[in-house]
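Me: I am new to this structure, and I would like to learn how to read it one feature at a time. Could you take me through it slowly?

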Amino acid sequence: MAALVAGGLGGGIGYTLARNDDTTSTTISASDTGASQIKRDPNSIAGVAAKALPSTVTIEAEGSGGQGGTGTGFVFDAQGHIVTNNHVVSEAVDGGKLTATFPDGKKYDAEVVGNAQGYDVAVIKLKDAPSDLKPLPLGDSNKVAVGDETIAIGAPFGLSNTVTTGIISAKNRPVASSDGSSDSKASYMSALQTDASINPGNSGGPLLDARGAVIGINSAIQSTGSGGFGGSGQSGSVGLGFAIPINQAKYVAQQLIKTGKPVYAKIGASVSLEGTTDGAKITEQGAGGSDPIEPGGPADKAGLKPGDVITRLDDRVIDSGPTLIGEIWTHKPGDKVTLTYQRAGKEHTVDLTLGSRIGDNG
C-alpha cells in the first residue's frame, strides 16, 4: 500500500505567499463585455459551483505556539456547524485560534466542537453564526460509481474558493494517512479516489457529485515529494486524491455534535500495522502489553486467536491491518459482519457483531 500524506496542513505557507503577492498585482480596467450576463445551466459545473461556493469556508487554524495552517470546510447545518478534517484544526484544539472565512469575505471566529483523529473528521462551530446559512446537500457515497464526475472546492496553497473537476477513479481504496509530523498518528479510511486536482489547503473541503451533493471530504493525496506537507518541500497534485465517503463522515459528524467524542466500531483484537499483502494478522501481544484479544469482546466470542490472519470482511479483500481498520470503521457498532481468516493453513469463516470504542484513546 502506498504511503500517503494528508493534504491540508502546510497550506499556511501558500496562503501567506498568495496574500503578499496581492500587493504587487496589476489592476486592469475593462468595459463589461456582457460575459457576466450569460445564463448558465444550473446543472453545469459553473452552475453547481456557483450554488456550492457560498456554503464553503477557508479555515485558518493557529495553535498556542504559533503553529498552524489553512484548510477548507463546508456548512453542515443551519446552526453554524462546519465539517472539516481533524488535521486541519488539530493545532487549535487546545487553546488555539480558529477562523472561518466565506467567499464573500465575511470572517467568523470558531471553536472546535469535536474531533476524531482516527477518522480525520472534525466539526467546528461559528461564533455568532449568521441566520442565512445554507447547508450543502449530502449525497449517498454508497451509490457512487467509478467514472462519475466530481467537483472539488478548497483553498489549495491558500488560494481560497478554488474549484477543480475530475472523476471518481476508484472506490474503497484503503488509505492510511498522516500530516507528516513526528507525533502524528495515522488516520484510516476506505476512500473515494478522484483525479480532481487536490493540493495542500484542499483538506476538509467538499467533494461534490455532478448534482452538487457532497459525496466525500477531501483528505489526502499521493505525494511524490520527499519533504511532505510538514517539511521544506511541498508537493502538489499528481491526480491521486482521496476523500472520506460522506456516509461515514456524516455519522461521525453527528456523533461529534451530539457528544463531542467519536465512536469507533471494533472487533476487539490487535492487528499488525506492518506493510503486507497477505492479510491482517492478529498480533501475539496488544498495545502496551495488553491482551491481543479483548476478553469477552467480539473477536473473543467468535473464537479468533493470536496468529490468525484475516483475509476478508464481508465481500472486501483485506490485505493488511490498516485495510482492516479502515473497513471496520465504515461500519457502526452493532453491525454484523462476516470475517474470513487463515489458521494453520486452513480457511475459516465466522460471523461477529462489532463492538464500540469511544474516543481516540483506548
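Predicted model: local features only at pLDDT ≥ 70, side-chain atom pairs only at ≥ 80, totals over all residues.

Me: Before I read any detail, what pLDDT does the chain average, and where is the pLDDT below 50?

Reply: The chain averages a pLDDT of 85, and 84% of the residues score at least 70. Over residues 1-32, however, the pLDDT is below 50, although this stretch has 66 contacts in the model beyond near neighbours in sequence. Residues 226-233 also stay under 50, and for them the model has 13 contacts beyond four places in sequence.

Me: How many strands close into a barrel, and in what order?

Reply: Strands of a sheet pair through backbone hydrogen bonds, either parallel or antiparallel. Here 6 strands close into a barrel, in the order 2-3-4-7-6-5, with antiparallel pairing. Neighbouring strands of this sheet are turned against each other by 40 degrees on average, direction ignored. Strand 2 (residues 56-62) and strand 5 (residues 97-101) are joined by 5 bridges in the antiparallel sense, and I59 stands opposite A100 in strand 5.

Me: Which strands does helix 4 lie across, and what span should its 14 residues have?

Reply: Helix 4 lies across strand 3, strand 4, strand 6 and strand 7, and runs at about 55 degrees to strand 7. At 1.5 Å a residue, the 14 residues of helix 4 (residues 246-259) should span 20 Å, which agrees with its end C-alpha atoms being 20 Å apart. Its buried residues are I246, Q248, A249, Y251, V252, A253 and L256. Just after helix 4, G260 takes a positive phi of about 85 degrees.

Me: Is helix 6 largely enclosed or open, and what covers its buried residues?

Reply: A residue counts as buried when its relative accessible area is under 20%. In helix 6 (residues 321-328), 8 of the 8 residues are buried, so the helix is largely enclosed by the rest of the structure. What covers these buried residues includes strand 9 (162-178), strand 10 (187-194) and strand 14 (263-266).

Me: Is A152 buried or exposed, and which residues is it in contact with?

Reply: A152, which is found in strand 8 (residues 149-154), is buried, with a relative accessible area of 0%. Leaving aside neighbours within four places in sequence, A152 is in contact with T162, V163, T164, A196, P206, L207 and N218. A152 and G216 are 64 residues apart in sequence, and their C-alpha atoms are 9.4 Å apart in space.

Definitions and conventions: Residues numbered from 1 in each chain as written. Heavy atoms only, no water. Buried < 20%, exposed > 50% of the residue type's maximum accessible area, 1.4 Å probe, protein only. Helix = DSSP H or I, 4+ residues; strand = E, 2+ residues; numbered from the N terminus. Contact = heavy atoms within 4.5 Å. pLDDT = per-residue confidence, 0-100. Expected span 1.5 Å × (residues − 1). Pairing = 2+ DSSP bridges. Axes fitted to C-alpha atoms, helices over the stretch in contact; angles between N-to-C directions.
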